[in-house]
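Hi,

Here is the structure I promised to pass on. Have a look at it first, and then read on for what turned up.

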Amino acid sequence: MTAAKPNHLRARRLLLDHLDIHPGRTVGDDLDPLEAGIVGDTDHAAGGDSYHLGKDQIRARANRNRYSVDESPRDRNGLDDHASAMDIGYFRLKTPRGTFDLYDFNAWLIPLCKAGDPDTRDLREVIYSPDGRTVRRWDRLGRRTTGDDSHRTHTHLSEHRDADGHRMVRLATRWLRHIQLLPEEDTMTKAEFLAMLKDKEIRAALAGAMLQTDGLIPAPPGNKNPDGTANTHWSLASYAQWTYRHLIDARTAITTLATRDQVDEVALAGALAPMLAAALPGDRDDLTPAELQQAIVGALRELAGNS
């Protein structure tokens, strides 16, 4: 039996809580519950192919593909018993920012889709009207450009079937903030942050910022930029690359020495000392490479005497 995704129910609840001004009554300018559909009705089921239908209600049709399944691997791989669409019926209301209706919502959403806004990445299509007369379709796959006349008074949003719906919640929240029915939030709760981290692109952006942001770590003493000026601080990525190169150099030197019948402590210390000295914090100017080499030689000889 086709079911609604929990996040789609959350997005629907958000919209109804703020756009259904007269709960329990059918009012023309309200978004009423029957106008915010997720699971398909009997007409959808009779057609056999809709993002409003789950796997149990989708069926093949002669000489036609199942557009809500076959045209994208995200839909083929994500097909299950959940619907993956939501309808938003006509509404018109006044907010602290002004008067807004369904067509204002469409005018706000479609540019986000065309610009590739991260919160639209799961949308497969939006069937809408810009003015209540013309029906248009934004289709991520570029297959179709219009829809039937019922979309003059309601907007249809389909998500790819492998989506969990969290971006639909984000879009509903952003729209309500845009028209000032929800306050802008300057802080984020732990739960909201963890939910945001489920988005692969956001995780990649955060990781990139952490690795590439310059000036986080003191650079090794004497480090210079390509133009010859002093480079006092590095990014985490630069420091990790520098450390890796020196570890490789150290491993090579130690491996070479270890193949000898007798290890020359002075030679081993000489190989290690410059690398260890370079890795010391910039404010540790109380230990010269020569002193460090002498300390390493002493430690190696003590280890050899105890073996």
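Helix α1 has 14 residues, and its span from first C-alpha to last is 20 Å, close to the 20 Å expected at 1.5 Å a residue. Please keep in mind that this is a predicted model. Along α1, the buried residues are Asn7, His8, Ala11, Leu15, Leu16 and Leu19. They are covered by elements that include β1, β2 (92–95), β6 and α6.

Two of those α1 residues turn up again in the largest nonpolar core. That core has 35 residues, and the members touching the most other members are Leu15, Leu19, Phe91, Phe105, Leu109, Val126 and Trp175. Two or more residues each come from α1 (6–19), β1 (85–89), α5 (102–115), β4 (123–128) and α6 (166–178). Helix α5 gives the largest share, eight residues. As general background, nonpolar side chains in soluble globular proteins tend to be buried together.

Setting aside neighbours within four places in sequence, Leu19 is in contact with Asp30, Leu31, Phe91, Leu93, Trp175, Leu176, Ile179 and Leu181. Phe91 and Trp175, both on that contact list, are also among the core members that touch the most others.

One more spot for you to look at is His160, in the loop between β6 (154–159) and α6. Is His160 buried or exposed? Its relative accessible area is 2%, and the cut-off for buried is under 20%, so His160 counts as buried. Leaving out residues up to four places away in sequence, His160 touches Lys5, Ser72, Arg74, Asp75, Ser84, Asp122, Leu123, Arg124 and Arg140. Several charged residues are in that set, including Lys5, Asp75 and Arg140.

Happy browsing, and do write back with any questions.

Best wishes

Note on methods: Residues are numbered from 1 along each chain as its sequence is written. This is a predicted model: local features need pLDDT of at least 70, side-chain atom pairs count only at pLDDT 80 or more; totals for chains, interfaces and linings use all residues. Side-chain values use heavy atoms; hydrogens and water are left out. A nonpolar core is a set of buried Ala, Val, Leu, Ile, Met, Phe, Trp, Tyr and Cys residues joined through side-chain atoms within 4.5 Å. Buried means under 20% relative accessible area, exposed over 50%, partly exposed in between (1.4 Å probe, protein chains only). Helices (H or I, at least four residues) and strands (E, at least two) are DSSP runs, numbered from the N terminus. Contact means heavy atoms within 4.5 Å. The expected span of a helix is 1.5 Å times one less than its number of residues.
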